[in-house]
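The sequence and the structure come first, and the description follows.

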Amino acid sequence: EQQSAVHLEAGLKAYNFGIFDEAQKSFTLALATFPQNNEARKQLAALYFGQNNNLQALQVLSEGIVISPSELIWRELMAKILVQESRFEEVLNLMPDSLDAKALAEGRADYLILKGTSAQTINKSEQAISAFSAMTSLQPNNAKWWLALGVNYDAGMSIANAAMTMQMALDYFPVKQVVYMGIA
């Protein structure tokens with residue numbers, strides 16, 4: 001673990017000086033000596049991503065999931081890359097409904113938003129409802145999550161729930177915004 005920390009530090013220094021090949025080697029060594037070095041994993045994935053090497057970044061993050069399946073950060077970072085590549089079905093495979101409660105408990109809004117918007121994009125209303133329902137619990141005064149929930153209830157033909165959540169969206173919609181839009 002100490003040796004891994006030394007490699008991580010060397011990688012960070014190399015990265016800060018723009019010596020990316022050396023940074024990559026150091027981060028890789030940090031993970032080889034201690035695969036649970038989360039910071040080295042994040043840095044290596046970010047380095048690959050910054051070099052437009054999404055395949056390698058996804059591989060590094062995928063290994064993180066294998067080592068720590070309940071650690072949501074790896075799923076979230078993978079989802080960001082997959083969304084950028086419009087691979088929404090893979091995002092949903094990566095983010096099962098069973099992890100929504102954990103994401104909510106940890107306050108992982110990005111995780112839930114990535115999942116919800118991916119599901120909505122490919123018309124998977126049940127999964128979108130799961131994610132946006134968690135978001136309304138996480139940010140109950142935010143109209144856009146109530147609206148997203150309502151849209152997906154409507155898509156899933158749950159008209160009563162759609163009407164209720166749309167009303168919640170209206171209740172939380174900022175009055176200044178309505179006036180500005182010329183509605184008032």
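## Ser 4 and helix H1

Ser 4 lies in helix H1, which spans residues 2–16. The model described here is a predicted one. With a relative accessible area of 0%, Ser 4 is buried, since buried means under 20%.

Leaving out residues up to four places away in sequence, Ser 4 touches Ala 30, Leu 31, Thr 33, Phe 34 and Asn 37. Met 135 is 131 residues from Ser 4 in sequence, and the two C-alpha atoms are 37 Å apart in space.

## Overall make-up

The chain has 12 helices and zero strands. Written in sequence order, the pattern is α-α-α-α-α-α-α-α-α-α-α-α. The radius of gyration is 20 Å, well over the 16 Å that the globule rule gives for 184 residues, so the chain is more spread out than a compact globule. Along the principal axes, the C-alpha atoms fill a box of roughly 60 × 35 × 25 Å.

Of the 184 residues in the chain, 38% are buried. When contacts between residues at least 6 apart in sequence are taken, 44% of them join residues at least 24 apart.

## Surface and charge

The accessible surface of the chain is about 10,200 Å². Carbon and sulfur atoms account for 55% of that surface.

The chain carries 13 positive and 18 negative charges. The mean position of the positive charges and that of the negative charges are 3 Å apart.

## The largest nonpolar core

How many residues does the largest nonpolar core have? There are 46 residues in this core, and Met 95 and Tyr 111 are those with the most contacts inside it. Helix H5 (residues 72–84) supplies the largest share of the core, with seven residues.

Met 95 is in contact with Tyr 111 itself, and also with Arg 75, Glu 76, Ala 79, Leu 114 and Lys 115, when neighbours within four places in sequence are set aside.

Helix H2 covers residues 20–33 and includes Ser 26. The relative accessibility of Ser 26 is 6%, so this residue counts as buried. Apart from neighbours within four places in sequence, Ser 26 is in contact with His 7, Ala 10 and Gly 11.

Lys 42 belongs to helix H3. Is Lys 42 buried or partly exposed? Its relative accessibility is 34%, so Lys 42 counts as partly exposed; that value falls between the limits of 20% for buried and 50% for exposed. Not counting residues up to four places away in sequence, Lys 42 touches Ile 73, Trp 74 and Leu 77. Lys 42 and Glu 76 are 34 residues apart along the chain, and their C-alpha atoms are separated by 12 Å.

## Two loop residues with positive phi

Asn 52 sits in the loop between helix H3 (38–50) and helix H4 (54–67). Its phi is near 60 degrees, which is a positive value in a residue other than glycine. Asn 52 is exposed, because its relative accessible area is 71% and exposed means over 50%.

Ser 86 is also a residue other than glycine with a positive phi, here near 55 degrees. The loop that holds Ser 86 runs between H5 and helix H6 (88–94).

Where is Ser 118 found? Ser 118 is part of helix H8, made of residues 109–121. Its relative accessibility is 0%, so Ser 118 counts as buried. Beyond residues up to four places away in sequence, Ser 118 touches Val 83, Phe 88, Val 91 and Leu 92.

Tyr 153 is in helix H10, residues 143–155. At 16% relative accessibility, Tyr 153 counts as buried, because the cut-off for buried is under 20%. With neighbours within four places in sequence left aside, the residues in contact with Tyr 153 are Ile 129, Ser 158, Asn 161, Ala 162 and Thr 165. Met 164 is 11 residues from Tyr 153 in sequence, and the distance between their C-alpha atoms is 9.8 Å.

Notes:
Residues are numbered from 1 along each chain as its sequence is written. This is a predicted model: local features need pLDDT of at least 70, side-chain atom pairs count only at pLDDT 80 or more; totals for chains, interfaces and linings use all residues. Side-chain values use heavy atoms; hydrogens and water are left out. Helices (H or I, at least four residues) and strands (E, at least two) are DSSP runs, numbered from the N terminus. The radius of gyration is taken over C-alpha atoms; the globule rule is 2.2 Å times the number of residues to the power 0.38. Buried means under 20% relative accessible area, exposed over 50%, partly exposed in between (1.4 Å probe, protein chains only). Contact means heavy atoms within 4.5 Å. Accessible areas come from the Shrake-Rupley method with a 1.4 Å probe; for residues, only the protein chains shown count as cover. Lys and Arg count as positive and Asp and Glu as negative; His and the chain ends are not counted. The place of a charge is taken as NZ of Lys, CZ of Arg, CG of Asp or CD of Glu. A nonpolar core is a set of buried Ala, Val, Leu, Ile, Met, Phe, Trp, Tyr and Cys residues joined through side-chain atoms within 4.5 Å.
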